[in-house]
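The structure is shown first, and the description follows.

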Amino acid sequence: MFDSPRGATVTASTDCKLWAIERLAYRSVIGELRRRKHEEKTELVRNCTVDGKKFSEIFDAAQLEDLVIALKEERFDPGEAI
């Protein structure tokens, strides 16, 4: 994962199929997922409103990016107190 071979042994306790993914493919998939999540957060932040103005009208691009980077996702169950 971090440009070094993994020094572990895995022993199956039952018959199984082992799947593997090449490092480049893994990094590509993870990179794409991160990019999509970043775009989703950016769109959310740009469209938040305060006093009828969107954040994109209040903050410049660098400030919006700082907000996106600082944004943490938390999920709540329906009816759960926040």
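## Terms and basis

A residue is called buried under 20% relative accessible area, exposed over 50%, and partly exposed in between, using a 1.4 Å probe and protein chains only. The model is predicted: local features need pLDDT of at least 70, side-chain atom pairs count only at pLDDT 80 or more, and totals for chains, interfaces and linings use all residues. Residues are numbered from 1 along each chain as its sequence is written, and side-chain values use heavy atoms, with hydrogens and water left out.

## Overall form

The chain contains 3 helices and 2 strands, in the order α-β-β-α-α from the N terminus. These elements are DSSP runs numbered from the N terminus, with helices (H or I) of at least four residues and strands (E) of at least two. The radius of gyration of the chain is 21 Å, well over the 12 Å that the globule rule gives for 82 residues, so the chain is more spread out than a compact globule. That radius is taken over C-alpha atoms, and the globule rule is 2.2 Å times the number of residues to the power 0.38.

Along its principal axes, the C-alpha trace spans about 60 × 35 × 20 Å. Of the 82 residues in the chain, 5% are buried.

Side chains of opposite charge can pair when their charged atoms come close. A salt bridge is defined here as a side-chain nitrogen of Lys or Arg within 4 Å of a carboxyl oxygen of Asp or Glu, and the count comes to 6 salt bridges.

One of them joins E32 to R35, with the closest N and O atoms 2.4 Å apart. The two residues lie 3 residues apart in helix α1 (residues 23-47), a separation of about one helical turn. E32 is partly exposed because its relative accessibility is 28%; R35, at 39%, is also partly exposed. Another salt bridge, between E40 and K37, has an N to O distance of 3.5 Å. E40 and K37 are likewise 3 residues apart in helix α1, about one turn of the helix.

Elsewhere, salt bridges that share partners join E32, R35, R36 and E39 into one network.
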